[in-house]
Amino acid sequence: MATSGSSELLLMLLADARLPVAGHTQSGGLEPAVADGLRDVPGYVRTRLTTVTRVDAAAGVVALHHLRQALPLGAVEAAWAARTPSLAMRRTSRAQGKALLRLAVRLWPDAPAVAAVAALDSPSRPAVLASCAAVTGLGPRSLARLVGYDDVQTVASAALKLLPLDPADVACWVHDALPEVEAMAEGVAGLTSPDDIPAAGAPQLEAWAEAHARTTRRLFSA
């Protein structure tokens with residue numbers, strides 16, 4: 001269980017790209033967007049934060065509430081899936097969840113929260129992150145902040161491989177996105193019911209994800 005002094009360190013560890021959960025294989029959907037001509041990476045980040053990332057953060061927060069109240073997670077997963085209409089996006093989230101769950105089981109083999117998520121059929125990444133938060137004592141706002149920051153950093157890291165950019169500029173983009181990450185986290189931190197998870201669609205992002213899933217020439221898996 002985390003103390004108040006170690007919570008931020010846990011956040012940094014869970015958001016570290018070196019975590020062995022294949023985060024380096026992800027672009028947050030940026031690769032197909034760039035292939036289609038997108039160059040406004042900060043705008044892309046903002047769009048994700050208000051749509052797919054917000055849905056994931058909210059689902060994680062609600063899953064955390066359910067785990068702490070020993071409530072079943074099926075309705076949370078169903079609500080997340082209904083608000084993630086892209087099959088490619090759902091598959092990516094579940095693949096990431098599977099990788100993270102392997103690590104969680106290794107670190108906390110006897111934790112009830114981890115066992116509850118492991119009992120699900122292909123849990124989403126938000127649900128697995130919620131189990132990590134439940135075990136380590138992270139609060140809902142910290143969990144949502146983790147989801148938001150991780151998404152921004154994933155896109156930023158991929159941008160350096162996909163476009164001719166100055167790393168200093170990309171670091172500034174991440175810094176400038178932090179207030180929006182914080183606002184998103186604050187907005188979803190109080191959610192407790194699957195019905196509260198926002199339905200914030202992003203049709204163009206979903207179309208790019210579906211196109212990327214069908215191509216055989218790609219640098220990132222998603």
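Predicted model: local features only at pLDDT ≥ 70, side-chain atom pairs only at ≥ 80, totals over all residues.
A helix axis here is a line fitted to C-alpha atoms over the stretch in contact, and angles between axes run from 0 to 180 degrees between N-to-C directions.

Start with the overall fold. The protein chain has 11 helices and 0 strands. Along the sequence the pattern reads α-α-α-α-α-α-α-α-α-α-α. The radius of gyration is 16 Å, close to the 17 Å that the globule rule gives for 222 residues, so the chain is as compact as a globular protein of that length. Along the principal axes, the C-alpha atoms fill a box of roughly 45 × 35 × 30 Å.

Next, packing and surface. Of the 222 residues, 50% are buried. Among contacts with a separation of 6 or more, 79% link residues 24 or more positions apart. The chain exposes about 10,700 Å², and carbon and sulfur atoms supply 57% of that area.

Now the helix pair. Helix 3 (residues 41-50) and helix 4 (residues 52-68) have axes that come within 3 Å and cross at roughly 35°. Helix 3 contributes R48, L49 and T50 to the contact, while helix 4 contributes V52, T53 and R54. By class, that contact has 2 nonpolar, 2 polar and 2 charged residues.

Finally, the cysteines. The structure holds 0 disulfides. C132 has 1% relative accessibility, so it counts as buried. C172 has 43%, so it counts as partly exposed. C172 sits in helix 10 (residues 167-188). From C172 to T25 is 147 residues in sequence and 23 Å in space, C-alpha to C-alpha.

Definitions and conventions:
Residues numbered from 1 in each chain as written. Heavy atoms only, no water. Disulfide = S-S within 2.5 Å. Buried < 20%, exposed > 50% of the residue type's maximum accessible area, 1.4 Å probe, protein only. Helix = DSSP H or I, 4+ residues; strand = E, 2+ residues; numbered from the N terminus. Contact = heavy atoms within 4.5 Å. Nonpolar A, V, L, I, M, F, W, Y, C, P; charged D, E, K, R; others polar. Rg over C-alpha atoms; globule rule 2.2 N^0.38 Å. Areas by Shrake-Rupley, 256 points an atom, 1.4 Å probe, with all protein chains shown as cover.
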